[in-house]
Amino acid sequence: MRIVIFGANGPTGRVLTTLALDAGHEVVAATRRPGDFPLRHDRLRVAGTDVYDPEAVDQAVAGTDAVLSSLGVPFTRRPVTVYSQGIRGITAAMSRHGVKRLLAVSSSATYPHHHADGGFLMNRVLQPIVIATIGRTTYADMRLMEEHLRDGDLDWTVMRPSGLFDSPAVSRYSLHEDRAPGIFTSRTDLAASMLAQLTDGRFVRRAVAVTTTEGTPTLWQMMRREAVK
């Protein structure tokens, strides 16, 4: 397939681009900083694209079979609009060019719930604090993104990872509609699951949580890692 990846220069986007090329796809990597994009390939076109620029988005989407969005920004207490405004521009371009399939990254914390593997610390302390403070504006904008997709007519799937971490290869992961029993998702598994959904119709017009089931860090390891960042 010929796919376009928005947010291609982010941590998940780079993994997603690599796996897509390995799978034989032609890829348009849409990023605001094309000069910083580290990957090169005969089937890769790097497009300088700001999702707030309708013309640039239109050019990136034109001629593609599917769209994958791994747009993301760091947590901030300031208003966040990249998810909701970005998806509006992307879906408008898709409608103009007759592209129907869309995979978009959200979060399992967008609509918070009890994680079966989370325990008291995760479910009763950490998750509520993050959602109410540094993650409040991010998750609010993710909800607007999801609402926009539900109101449209595209063949979308929302991918909801839990706590993201880096891993060298695809591992075992599980998909669950509207719930996430585990508290971690490797970026490689998230990328692999998105590519798998290009040809899997089980979760069209649905939200699906992606949970890594092996080789995950402990909660304390993740907390230390985030503290260092």
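User: Which residues does Ser69 touch, not counting residues up to four places away in sequence?

Analyst: Ser69 touches Phe6, Ile90, Leu103, Ala104, Val105 and Met194 when residues up to four places away in sequence are not counted, and each is called a contact because heavy atoms lie within 4.5 Å. The model is predicted, so local features need pLDDT of at least 70 and side-chain atom pairs count only at pLDDT 80 or more, while totals for chains, interfaces and linings use all residues. Residues are numbered from 1 along each chain as its sequence is written, and side-chain values use heavy atoms, with hydrogens and water left out.

User: What does Ser69 count as, buried or exposed, and why?

Analyst: Buried means under 20% relative accessible area, exposed means over 50%, and partly exposed is in between (1.4 Å probe, protein chains only). Ser69 has 2% relative accessibility and therefore counts as buried. Ser69 is found in strand β4, residues 66–69, where a strand is a DSSP run of E of at least two residues, a helix is one of H or I of at least four, and numbering starts from the N terminus.

User: How do you know on which side of α1 the buried residues lie?

Analyst: The buried residues of α1 are Thr12, Gly13, Leu16, Thr17, Ala20 and Leu21. They cover an arc of only 160° around the axis, so they are on the same side of α1; the arc is that of the directions from the helix axis to the C-beta atoms. The face turned away from this buried side carries the exposed residues Pro11 and Asp22, and what covers the buried residues includes β1, β2 and β4.

User: How many aromatic pairs are there by this rule, and what makes a pair?

Analyst: The count comes to one aromatic pair. It is formed by Phe165 and Phe184, with 6.4 Å centre to centre and 90° between the planes. Rings of Phe, Tyr and Trp (its six-membered ring) pair if their centres lie within 6.5 Å, and planes under 30 degrees apart are stacked, over 60 edge-to-face and the rest tilted, so this pair is edge-to-face. Phe165 lies in strand β7 and Phe184 in strand β9, so the pair ties together parts 19 residues apart in sequence. Both Phe165 and Phe184 are buried.

User: What makes a nonpolar core, and which residues of the largest one touch the most other members?

Analyst: A nonpolar core is a set of buried Ala, Val, Leu, Ile, Met, Phe, Trp, Tyr and Cys residues joined through side-chain atoms within 4.5 Å. The largest has 30 residues, and among those touching the most other members are Val4, Phe6 and Ile90. Helix α3 gives the most to this core, with six residues.
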